[in-house]
Amino acid sequence: MPLLLPLPRARERRYKSRMRARLREPRRLKYGALTVLHDPVPGPLTAIALVVRAGSRFDGAHPGIAHMTEHMLFQGTRALDQVALNRRAAELGGEHDADTGYEDVTLHFEVFNRDVEDALALLAEQCFQSTVPAERFAKEQRVVIDEIRGRQEDPANYVHEHAWARFFGDGLGHPVCGSMSSVRGMTRQAVRGFIARHFVPANMCLALVGGVTRDAIRRALGRAFPRGVHGVRSRPARARPRATGLVRLRRSDLAQAYLVRLIATRPAPREVLALSLAVEIVGADPDARLFQEIRERLGLGYELGAGVEHGRDWAVAVISASAAREDERRLRETLDRTCREAAAGFSADELRRARKKVRYRFARLADSRLDRALAHASRAACDQPSLAATERMIARLRPAEVEAAWRRALAAPTLTAVLRG
């Protein structure tokens, strides 16, 4: 293992200055109703992220339709069938993919700078010209049902989905993929209607990070994206916790017990960041309190997770753990006690380590064009502070704010779900 020597003081200051400069505010380019962010980074590649405010919370009467739409964007357009579309993507570069979350559907592409215009034309073709071919739709229904079946067979995912559904009820509560019955009952006409309603410039945010020039971006936008068609920005019903307390689930084939705890918090960005730092201290890393108590001192279980998920108007701390079936009660009591004891406050050393972990993640983010593009676009789409503003906010959080955020979480609406055999 190589020896990592500390940087001299002057060099360390210059290094930190460069890192701060690299996570700067992206430039906003005007193009009709479409939000366009450009973060110039020298080099031969440009990463593209196109975020559409059309995640699973917009599914409405068809749970899983946003996820099915994501699949169908790759199945054929007016000009390209499925094979031609994927061959065209392969000709242009790599990292051509998409994913669906609670808030949005994201398409991304990383290409050489000279291919950005063609890459944006292909993304626009997928978003505005997809035809949802009947035979491809039937095939993707089978694929998604198989995906859902695999998720249901995973006990950790099973208890998480059931806890989430109980906590939020309709809207945000159903799994992103939907259910097997909802996917079977879906029609291609419903998917085409979903695309027509949501895949419009007013509902999109485009971010480009890399060596492409602003002139090239403007040319590409004029070629690929409709300027006169705006559409209406999607606004879902407000997400609120519905159920709290303890939920017990049973599966006879399990020798383990699986636990998920959901804790609601206010979605204000500073509050979410303060709670995130608190979860770093309490949570699942080897130096964190829950890890040391559950894994190291008591040896109760192997799997442990902790984090904060959030969107435009909701935020939830998620803690998960597993143990032998007969240790389920000890696991719950240990989790309760450790979380409760953390209300007494955090040490300066714990706060220092938590901040450094977050700074490390921002440094990693700064080094990845694609991750930066995805973060720029998704944060703008959800009306969240930019990466640079978030980094500054974290640096300015006071210890008292972090401790207060954790104490508020202990008094907030909470649901604990336990799955065992």
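How do the residues of the lining of the largest cavity divide into nonpolar, polar and charged? They divide into 4 nonpolar, 1 polar and 4 charged, where Ala, Val, Leu, Ile, Met, Phe, Trp, Tyr, Cys and Pro count as nonpolar, Asp, Glu, Lys and Arg as charged, and the others, Gly among them, as polar. The model is predicted, with pLDDT of at least 70 needed for local features and 80 or more for side-chain atom pairs, while totals for chains, interfaces and linings use all residues. Numbering starts from 1 along each chain as its sequence is written, and side-chain values use heavy atoms, with hydrogens and water left out.

The structure holds 1 cavity of 30 Å³ or more. On a 1 Å grid over the protein atoms alone, a cavity is a set of points where a 1.4 Å probe fits but cannot get out, whereas a pocket is an open set with protein on both sides within 12 Å along at least five of seven lines; lining residues have an atom within 4 Å of a point. Volumes are the space filled by probe spheres set on the points, which are joined across faces, edges and corners. The largest cavity contains about 50 Å³ of space, and its lining consists of Arg53, Phe58, Glu103, Asp104, Ser234, Pro236, Arg312, Ala381 and Cys382.

The largest pocket has a volume of about 1,200 Å³. Its lining comprises 38 residues, of which Val308, His310, Ala375, Ser378 and Arg379 lie nearest the centre. Elements giving two or more residues to this lining include strand S9 (304-310) and helix H14 (369-381); helices (H or I, at least four residues) and strands (E, at least two) are DSSP runs, numbered from the N terminus. H10 gives the most, with 7 residues. By class, the pocket lining has 19 nonpolar, 11 polar and 8 charged residues.

H10 also packs with helix H16 (residues 399-410) at an angle of about 85 degrees, their axes being 8 Å apart. Axes are lines fitted to C-alpha atoms, for helices over the stretch in contact, and angles run from 0 to 180 degrees between N-to-C directions. The two helices H10 and H16 are therefore roughly perpendicular (65 to 115 degrees). The contact (heavy atoms within 4.5 Å) has 10 nonpolar, no polar and 4 charged residues.

An open sheet of mixed pairing is formed by 6 strands in the order S1-S2-S6-S3-S5-S4; strands pair if DSSP finds at least two bridges between them. S1 (27-31) and S4 are the edge strands.

Notes: Angles under 35 degrees count as roughly parallel, over 145 as roughly antiparallel, 65 to 115 as roughly perpendicular and the rest as oblique.
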